[in-house]
Amino acid sequence: MKIVVLDDYQDVARSLADWDSLGAEVEVITSFIGDHDELVRRLAGAEVVVAMRERTRFTAQLLDRLPDLKLLVSTGRRNAAIDLKATERLGITVCGTGYLPHPTAEHTWALVLAAQRHLETELAAMRDGAWQSTVGTGLHGKTLGLLGLGNLGQRVAQVGQAFGMETIAWSQNLTSERAAEHGVTAVSKEDLFARSDVLSIHLVLSKRTRGLVGAAELAAMKPGALLVNTSRGPIVDEQALLDALRARRIRAALDVYDIEPLPADHPLRAMRNATLTPHLGYVTREVYEIFYRDAVADIAAWREGNPVRVMTL
């Protein structure tokens, strides 16, 4: 059996799980392959592919060109980049793995603090021998707005409350009672954007949420307010965000983008009022250990005829 592990950017997959226990040929690819022809060539003969989250898209067109593929393991519990209708049609089993939510919540606050205290500028200045060139903005007494109050939103709210922030939230199905259980005030969508000093997005990307944050929402934000996105890039209209940043109406702290990896010449990289990280929210040793350990277990169970953690439509 041939197994290909995709997009192991840090080259850690082999050290974090017992791949030898499978008695299979295991190839680990450590760089992103964006060209479909090259990807098809590299995956030729592989019965099993392990995909890291949504780094590589498995469209129907790609899956049709992988006749040897029988099992696709995706790290995490869901993967919007896999066409599950196509995998069902082709008889490809798709399995997920366990996950930890708190690293992304932690990274949300790393981004917020970095943006509020201009850490990108000051860290670089310290390396260059300089000393103090910016004035930061505190969080105590400010308003934290949460676009989504699920598992991640609740965790982010708790930290905001510890900083002494007022916490407000909106989502389509959020009730005042549910928000109050977490010490959060449910508000209208309009109030969320108008009142937030820091607005953090914690929604799943879907047809309903794609482009949910557009030009009107960004225009409603306070001058200088911070928009934080550690969820999925397309929830925010990218062009509208670029326009708002160019006008210096708001600031942004982003971990996710419409296209990943973010192209080297992408205009977001030139925005001095945007703090950017390369989709690091879930990238911790603890999460990776679960991902790769469960991936090995998924493959072993599938080979025995008893697949686990199967993803379905």
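F163 sits in the loop that joins helix 7 (151-162) to strand 7 (166-170); helices (H or I, at least four residues) and strands (E, at least two) are DSSP runs numbered from the N terminus. The model is predicted, so local features need pLDDT of at least 70 and side-chain atom pairs count only at pLDDT 80 or more, while totals for chains, interfaces and linings use all residues. Residues are numbered from 1 along each chain as its sequence is written, and side-chain values use heavy atoms, with hydrogens and water left out.

F163 has a relative accessible area of 32% and is partly exposed, a class between buried (under 20%) and exposed (over 50%), with a 1.4 Å probe and protein chains only. Together with L113 and V159, F163 forms a nonpolar surface patch of about 200 Å² of accessible area. Patch residues have over 30% relative accessible area and no salt bridge, and nonpolar side chains are joined within 5 Å.

Helix 12 (residues 285-303) contains 19 residues and spans 27 Å between its first and last C-alpha, close to the expected 27 Å at 1.5 Å a residue. Its buried residues include V287, F291, D294 and W302. The buried residues of helix 12 pack against elements including strand 1 (2-5), strand 3 (48-51) and helix 5 (102-116), contact being heavy atoms within 4.5 Å. G305, with a positive phi near 90 degrees, follows helix 12.

An unreviewed UniProt entry annotates residues 110-281 as "domain: D-isomer specific 2-hydroxyacid dehydrogenase NAD-binding"; such annotations may be inferred rather than shown by experiment. Residues 110-281 are 32% helix and 16% strand, with end C-alpha atoms 10 Å apart.

Technical notes:
Patch = residues over 30% accessible without salt bridge, like charges linked within 9 Å, V, L, I, M, F, W, Y side chains within 5 Å. Areas by Shrake-Rupley, 256 points an atom, 1.4 Å probe, with all protein chains shown as cover. Salt bridge = Lys/Arg side-chain N within 4 Å of Asp/Glu carboxyl O. Expected span 1.5 Å × (residues − 1).
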